[in-house]
Amino acid sequence: MSLLSDLINLNLSETTEKVIAEYIWIGGSGLDLRSKARTLSGPVSDPSKLPKWNYDGSSTGQAPGEDSEVILYPQAIFKDPFRRGNNILVMCDAYTPAGVPIPTNKRHAAAEIFSNPDVVSEEPWYGIEQEYTLLQNHIQWPLGWPVGGFPGPQGPYYCGIGADKAYGRDIVDSHYKACLYAGINVSGINGEVMPGQWEFQVGPSLGISAGDEIWVARYILERITEIAGSVVCFDPKPIKGDWNGAGAHTNYSTKSMRNDGGYEIIKQAIEKLSKRHKEHIAAYGEGNERRLTGKHETADINTFLWGVANRGASVRVGRETEKAGKGYFEDRRPASNMDPYVVTSMIAETTILWKP
């Protein structure tokens, strides 16, 4: 008698050329991820060769019941770490049957910015530090915390080891390897300041691919926590009080910034960001005012401050960049629940296209 695990791990290539494609899209909240699978006649590596598909938008909060069909456009392909073989994950964006992007489709506008010749010529690179909190299922309380109580104060947990400091490492390492298998450019992981909170970094990624990779990495993480019986939370301040919030620090550079003399270009870009601070804050994630308080390694939400090696700033420049006279900077304002399509494209638009 076969075990369920034997059937889940069946290698389809032994008996058929058919593959399974898991189509992924962003739901009506702008944060929830949805997916469903279809069978393809054979392996596909080019998203333009994949068929469009549809779903019931009235069940995701994206269309009325009397006109509920929403169309999925395949945009990026990743290897499927769950089914493996030639099976794939497909990141999609969503349109009306007439071909108009629906309101929660933020990828379409981002792709337009990234296809602008002035942006293309600057080759914008992103490195996104995605923080998240692992929760115990059903009670929505951080993994490893006593039910209804609190662990010891912050201090020993950041990059900590041991059963009394690192909660959920099996989930974190599984996610790390699954993302690398999928083809996502995950560059590292670490335990964060608040116990039960972790971070993974994606990048350097070019242009629109940064958003695709973060969304699929989030999808893989949610699938792994589903298997593990826990919940992943992207709230920017999941626990009130003297506990760190969760962000998505976004590291950024252009070709001009990476070339000799780039530090002056960096300072000009930061000056532009300072002039559009309110617009960026409005687009950098829900509930961010609970995180950006001027405490716990943040700048106050109403103040724009930049500095070298200052983790209490809105924008931080590294010592190496200052010394080399070229490199990148880190926008520390985005919340953990930000939309990476919005944040990455807005940074490019402000620093490259916007004329004060």
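This is a predicted model: local features need pLDDT of at least 70, side-chain atom pairs count only at pLDDT 80 or more; totals for chains, interfaces and linings use all residues.
View 1. Residues are numbered from 1 along each chain as its sequence is written, and side-chain values use heavy atoms, with hydrogens and water left out. The antiparallel pairing of β1 (residues 19–26) with β2 extends over 8 bridges; strands count as paired if DSSP finds at least two bridges between them. Helices (H or I, at least four residues) and strands (E, at least two) are DSSP runs, numbered from the N terminus. The hairpin of β1 and β2 has 6 residues between the strands, and G30 takes a positive phi near 85 degrees there.

**View 2. The open sheet of 5 strands.** The strands follow the order β2-β1-β5-β4-β3, with mixed pairing. Because β2 (33–40) and β3 (53–56) stand at the edges with a single partner strand each, one side of each is left without a neighbour in the sheet. Neighbouring strands are turned by 40 degrees against each other on average, direction ignored. Strands of a sheet pair through backbone hydrogen bonds, either parallel or antiparallel.

**View 3. Helix α5 across the strands.** Helix α5 (residues 209–228) lies across β1, β2, β4 (69–79) and β5 (88–95), contact being heavy atoms within 4.5 Å. The helix runs at about 115 degrees to β5. Axes are lines fitted to C-alpha atoms, for helices over the stretch in contact, and angles run from 0 to 180 degrees between N-to-C directions.

**View 4. The interface of domain 1 and domain 2.** The protein is divided into domain 1 (4–104) and domain 2 (115–353), with bounds from an automatic or database domain assignment. Their C-alpha centres lie 27 Å apart, and the contact takes 17 residues from domain 1 and 17 residues from domain 2. Between them the domains bury about 1600 Å², 76% of it on carbon and sulfur atoms; buried area is the accessible area (1.4 Å probe) that two parts lose on being put together, summed over both. L33, F78 and F82 supply 37% of the area that domain 1 buries against domain 2, more than any other three residues. On the side of domain 1 that touches domain 2, β1, β2, β4 and β5 each supply at least two residues.

**View 5. The hairpin of β8 and β9.** Strands β8 (residues 186–191) and β9 (residues 197–206) run antiparallel and are joined by 5 bridges. V186 has V202 in β9 as its bridge partner. The hairpin has 5 residues between its strands, and G196 in the turn has a positive phi of about 90 degrees. Strand β9 also holds P204, and the peptide bond from G203 to P204 is cis, with omega near 0 degrees.

**View 6. The loop between β6 and β7.** Q140 is found in this loop, between β6 (125–136) and β7 (141–142). Phi of Q140 is near 50 degrees, a positive value in a residue other than glycine. Most residues other than glycine have a negative phi, and most peptide bonds are trans.
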